[in-house]
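Subject: Structure handover

Hello,

Here is the structure I promised to pass on. Please open it next to this email, and my notes follow below.

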Amino acid sequence: MASPAAILEGVRERLAAVASFEAGPRPDDLTVRLRRAGDLPAAAAALGGAGLALATVAVTDDEATPDRDLKVRYVFEPAAGGTPLPDVFVTLLVALDPDRPELPSLSADLPAASWHEREASDLFGVAFAGHPDPRPLVVHDGWPRGLHPLRKRFDASARPPVEPAEEFPHLVVEGEGVFEVPVGPIHAGIIEPGHFRFSTVGESVLNLEPRLFYTHRGLEKRVEGLPVADAFHVAERTCGVCSVSHGLGFCEAAEQIAGVEVPRRARVLRTIALELERLYNHVGDVGNVAAGASYHYGTSAGLRMKEALQQLNDALAGHRFLRGLVTPGGVRLDLTAELARAIEAAMASTAEALDSLVERIENNPTVTDRLDATGLLPSEDAVALGVTGVAARASGVDRDARRDHPHAAYASERWLAVAVAIDGDGDVHARVNVRASSTRSTTRAGSAWTSSPRRATRTACSSPGR
Amino acid sequence: MDVVASPRHADGVLVTGPVTRNLEAAVRRTWEAVPEPRVVIAVGACASSGGVVGRSYASAGGVGEVLPVDVLVPGCPPRPEAIIHGILVAVGRVRPRR
């Protein structure tokens with residue numbers, strides 16, 4: 001079992017010749033400042049050799065600060081080293097000339113970097129030399145070349161005209177019996193806009209080209225210059241069914257910067273809110289999988305479970321998506337004994353309804369036939385692409401951010417300990433199994449939530465720098 | 001009431017967010033494909049006015065910026081009852097509340 005300190009010592013040894021080191025963003029994390037951008041591929045490979053994998057890439061425009069540069073941060077996390085995985089982040093930091101931001105692309109060796117680099121290219125104008133697929137990602141046809149909306153010099157009120165554009169270069173599959181089935185961006189059901197080109201032979205999908213970002217709303221630009229309390233409301237609306245996780249992610253970042261200690265009771269309530277959000281999404285998705293397999297009973301059963309849990313959300317927070325429960329510094333509402341009993345009852349009925357639905361799915365060969373070996377994601381591909389969450393665990397990757405990077409009350413309260421559900425088959429059936437197992441462990445834990453002592457639920461969280 | 005697979009089979013469209021730059025052409029074409037008479041219902045604060053998203057490089061604001069809107073349903077998001085009410089107002093089954 002590798003300790004975070006041992007991992008960081010290994011990183012320092014490997015990169016001492018090309019970089020300087022500082023602590024951060026958290027006190028026990030490490031930021032590695034590369035002296036030359038050209039050393040980036042070798043440094044990333046060295047981190048890979050130390051058992052670290054790319055978690056995310058973040059770009060900031062610091063042209064208006066004394067640094068007068070663009071900063072690109074490649075955040076790595078341990079992909080091996082025990083269970084739970086060591087909770088430490090290593091950030092490769094590269095500073096770029098704001099007038100000519102150029103970097104060697106990592107995507108050929110690290111597929112997980114590909115979309116991050118394309119996004120940084122669109123929004124910040126960073127050129128990634130050698131990118132295997134440099135097509136635009138976030139900005140669509142008719143966006144003026146050379147204009148990058150997340151640069152600070154880009155006026156937030158500007159609305160550039162749509163320029164004449166050629167058709168987007170989709171990958172075309174050719175051959176006898178190959179059909180191209182275009183779907184979207186606006187769909188027949190209630191799903192997020194996206195354009196999908198399926199190249200098929202019979203029932204086999206040879207290639208799927210997704211094109212997303214139709215609902216790119218420019219939220220990052222929207223929050224520029226807003227006070228923390230106002231920006232929180234935008235962050236909470238990043239995604240409808242992830243209000244708690246996005247809102248809490250923003251709060252925890254702001255609290256970390258402001259040095260605010262959130263009361264224990266508030267951390268517990270935040271964790272309960274996160275689990276309730278996971279729960280209604282899990283059961284809703286089991287229903288969505290049934291819809292995808294044309295199993296109408298399952299669709300309705302999933303929707304019914306989700307609706308019951310959203311009505312519980314409404315009773316707890318006054319909001320079916322739990323918005324407004326979390327707030328910078330803590331939570332806005334406490335859990336009364338009556339509401340705690342309502343949660344307990346909902347946990348019991350959800351567990352019962354889920355078991356019934358799963359049993360019907362498993363005993364229905366026309367359904368399982370459509371779930372088995374469908375949408376296969378082999379474990380090595382999941383790792384290479386940096387897949388997280390349910391999809392990763394259904395491909396046999398033993399990772400769970402709640403366990404490996406614990407926050408809120410996941411680490412401090414033993415009764416909230418996460419049971420990580422893994423299934424190695426990598427198909428749709430495995431993803432149903434992971435969601436069902438996760439639902440069961442949450443409903444079991446739910447009955448213990450009521451026992452936490454009542455205490456303060458909020459600390460003042462002022463805007464940093466104000 | 002039914003959610004149908006094609007705008008050709010629809011009597012109206014519900015727009016549930018701000019009209020983003022990347023979706024604007026598709027929103028217009030979906031509306032044009034709906035046979036007349038047709039209704040447009042803006043569901044939620046962003047569809048009604050742009051909401052927290054506002055007008056920007058990425059967003060035209062509310063659906064009223066690009067299509068004629070019959071009914072605005074407030075809320076972020078509106079409750080299911082409010083959406084049903086808005087649809088019933090749009091088809092003339094209940095009177096609007098002002």
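This is a predicted model: local features need pLDDT of at least 70, side-chain atom pairs count only at pLDDT 80 or more; totals for chains, interfaces and linings use all residues.

**Sheet in chain B**

That pair belongs to an open sheet of three strands in chain B, ordered β1-β2-β3. The pairing is parallel. β1 (12-15) and β3 (71-73) are the edge strands, and each pairs on one side only. Neighbouring strands are turned by 15 degrees against each other on average, direction ignored. Strand β2 of chain B covers residues 39-43. Three bridges join β2 to β3(B), and the two run parallel.

**Sheet in chain A**

Chain A has an open sheet of three strands too, in the order β8-β9-β10. Here the pairing is antiparallel. The edges are β8 (179-183) and β10 (204-211), each pairing on one side only. From one strand to the next, the twist averages 20 degrees. β8(A) pairs with strand β9 (residues 195-201) over five bridges, in the antiparallel sense.

**Helices in chain A**

Start with α14, residues 428-446 of chain A. This helix has 19 residues. From first C-alpha to last it reaches 27 Å, close to the 27 Å expected at 1.5 Å a residue. Of the 19 residues of α14(A), 14 are buried, so the helix is largely enclosed by the rest of the structure.

Then go to helix α12 of chain A, residues 389-394, where A:A392 lies. Is A:A392 buried or exposed? Buried, because 22 C-beta neighbours fall inside 10 Å, and the cut-off for buried is 20 or more. Leaving aside neighbours within four places in sequence, A:A392 is in contact with A:A382, A:V387, A:V397 and A:R399. For a distance check, take A:A392 and A:I272. They are 120 residues apart in sequence. In space they are 23 Å apart, C-alpha to C-alpha.

**Where the chains meet**

How many residues does the contact take from each chain? Chain A gives 24 residues and chain B gives 19. By class, the side of chain B that touches chain A has 10 nonpolar, eight polar and one charged residues.

Over to you.

Best regards

Note on methods
Residues are numbered from 1 along each chain as its sequence is written. Chains are lettered from A and ligands numbered from 1 in the order in which they are written. Helices (H or I, at least four residues) and strands (E, at least two) are DSSP runs, numbered from the N terminus. The expected span of a helix is 1.5 Å times one less than its number of residues. A residue is buried if 20 or more other C-beta atoms lie within 10 Å of its own, exposed if 12 or fewer, and partly exposed in between; C-beta atoms are placed from the backbone. Two residues are in contact if their C-beta atoms, placed from the backbone, lie within 7 Å. Ala, Val, Leu, Ile, Met, Phe, Trp, Tyr, Cys and Pro count as nonpolar, Asp, Glu, Lys and Arg as charged, and the others, Gly among them, as polar. Two strands pair if DSSP finds at least two bridges between them. Axes are lines fitted to C-alpha atoms, for helices over the stretch in contact, and angles run from 0 to 180 degrees between N-to-C directions.
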